[in-house]
Amino acid sequence: MTSPRNSTEPSEERDIVADLRAENLALRSELAEIRAALDASAANAECTKAMQIAVEREAADRRKERAEHTARLDALIRSSSEVRYEINADWSALGTLSGGGFIPDTEAVNANWLEEYIPEEHQERVREEIRRAIAAKDTYNIEHKVNRVDGSVGWALSRAVPLFDEDGEIKSWMGAASDISDRKNAEQLQQVLNDELTHRMKNIFSMVQAIASQTLRGASSLEEGRAAISARLAALARAQDVLTGETLAKADIRHVITAAMVPHEEKAEQLHLNGPRMILNSQQALGMTLAIHELSTNAIKYGALSNEQGSVAVTWRYDGGSFTFDWVEAGGPPVDKPSRRGFGSRLIEQIVPSYFDGEAHLGYDPEGLRFRLTGKTLA
């Protein structure tokens, strides 16, 4: 007869084996999941590492590219003498400034930039444009004088654009400036020339009017008056040629005398000039031309240039602020003082000296006519 204990042992063992097998399968499944998770984690780590490497490489490339672009921009700006700068929102402190060899560079924040870079006469002009640009949130754009790196004063065209934050408020300004000194100097010179031309035209019109009215009043006939006016206007035209050939506003006295004597070139050997280089202003050049014209015309008709033996010594000097001009004739026919003084005499004794702030005198010596003009040059 079989014992009860012996009859249950195989069933219990089978249950234990089944449990162990189930547990083993569960462990294997968990191990597989752990291994899968570990594999996924390793893959993610590799992926993350690869992504980090790619991002770092891209960032390095971008930094290198930006550095290259910045270097090119700097080279371009410096090669064109362009000034570039950065300044804070209210323009109270200048950040960095690259002067391009035009104005001094600065790396440190500078709160006194306006006084250091802008001459006092243009500081308020700059302030007004700053106020306008800030209020309008618009481009700052102005031409103004500037203290250059060599210590001189020049001109700059300065433009700056506002940079905004996420709320639309100005956070800073980026600007650039160009050296326009040559253009401004040319404009100023042109204005001076225009003013000089206007002034000279008024003088010429007044002189022409005086020549025409006075010549016709003293002429014995209309034909004589016409010829005299024509000759005097031609002398004025020659003076204009001399001035135009030099600086419009000034001319050398020797050039003026030589041009005035052009109609009498055949008498050049009888004319002796002696004097230093001296500059006359435009009015003095015109007056001197008329004086030489009157004196030479009289000498050709009645004086030392009316024959082959006569001569004229023309001398001038400038000493201690005093100018002296002499016209001395010799070797011509005997000179008699005229009983009647014409417009030519009044012109060289009264009108011409006024241009030199001086006086003049005609001397009728028997040996030859003498003319002396004293005064000062105003060129």
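Q: What does the side chain of Gln270 reach?
A: In this predicted model, the Gln270 side chain reaches the backbone oxygen of Asn307, at 3.0 Å.

Q: Where is Gln270 in the chain?
A: Gln270 is in the loop between α6 and β7 (271-274).

Q: Buried or exposed?
A: Gln270 has a relative accessible area of 9%. The cut-off for buried is under 20%, so Gln270 is buried.

Q: What else does Gln270 touch, leaving out residues up to four places away in sequence?
A: Gln270 touches a run of residues, from Ala304 and Leu305 to Asn307, Glu308, Gln309, Gly310, Ser311 and Val312.

Q: OK, step back. How many helices and strands does the chain have?
A: There are eight helices and 12 strands.

Q: And how much of the chain is buried?
A: Of the 379 residues, 35% are buried.

Q: What share of the contacts joins residues 24 or more positions apart?
A: Among contacts with a separation of 6 or more, the share is 55%.

Q: Now the inside. How many residues are in the largest nonpolar core?
A: That core has 36 residues. Those with the most contacts inside it are Met288, Phe323, Phe325, Trp327, Phe371 and Leu373.

Q: Which elements give two or more residues to this core?
A: Three helices do: α6 (253-260), α7 (282-301) and α8 (343-355). The strands are β9 (311-319), β10 (322-330), β11 (359-365) and β12 (368-375).

Q: Which one gives the most?
A: α7 does, with seven residues.

Q: Why would nonpolar side chains be together like that?
A: In soluble globular proteins, nonpolar side chains tend to be buried together.

Q: Pick Phe371. What is in contact with Phe371, apart from neighbours within four places in sequence?
A: Phe371 is in contact with Leu295, Phe325, Asp326, Trp327, Ile348, Ala360, His361 and Leu362.

Q: How far apart are its end C-alpha atoms?
A: The ends of α7 are 29 Å apart. At 1.5 Å a residue, its 20 residues should span 28 Å, so the two values agree.

Q: What caps the N-terminal end of α7?
A: Asn281 does. One of its side-chain oxygens lies 3.2 Å from the backbone nitrogen of Gln283.

Q: Next, rings. How many aromatic pairs are there?
A: Six. One of them joins Phe323 and Phe356. The rings are stacked, 5.3 Å centre to centre, with 20 degrees between the planes.

Q: Which parts of the chain does that pair tie together?
A: Phe323 lies in strand β10, and Phe356 lies in the loop between α8 and β11. The pair therefore ties together parts that are 33 residues apart in sequence.

Q: What about Thr324, where is that?
A: Thr324 is in strand β10. Thr324 is buried too, at 9% relative accessibility.

Q: Which residues form the aromatic cluster with Trp91?
A: Trp91 clusters with Tyr85, Trp113, Tyr140 and Trp173.

Q: Where is Trp91, and what is its phi?
A: Trp91 is in the loop between β1 (83-88) and β2 (94-98). Its phi is near 65 degrees, a positive value in a residue other than glycine. Most residues other than glycine have a negative phi. Trp91 is buried, at 5% relative accessibility.

Q: And Asp357, what is its phi?
A: Near 55 degrees, positive again. Asp357 lies in the loop between α8 and β11. With a relative accessible area of 54%, Asp357 is exposed.

Q: Last one: how far apart are Arg84 and Ser98?
A: They are 14 residues apart in sequence and 5.4 Å apart in space, C-alpha to C-alpha. Arg84 lies in strand β1. Arg84 is partly exposed, with a relative accessible area of 28%.

Note on methods:
Residues numbered from 1 in each chain as written. Predicted model: local features only at pLDDT ≥ 70, side-chain atom pairs only at ≥ 80, totals over all residues. Heavy atoms only, no water. Core = buried A, V, L, I, M, F, W, Y, C linked by side-chain atoms within 4.5 Å. Buried < 20%, exposed > 50% of the residue type's maximum accessible area, 1.4 Å probe, protein only. Helix = DSSP H or I, 4+ residues; strand = E, 2+ residues; numbered from the N terminus. Contact = heavy atoms within 4.5 Å. Expected span 1.5 Å × (residues − 1). Polar contact = N/O pair within 3.5 Å; in protein donor to acceptor, adjacent residues only side chain to side chain. Phe/Tyr/Trp six-rings, centres within 6.5 Å; stacked < 30°, edge-to-face > 60°.
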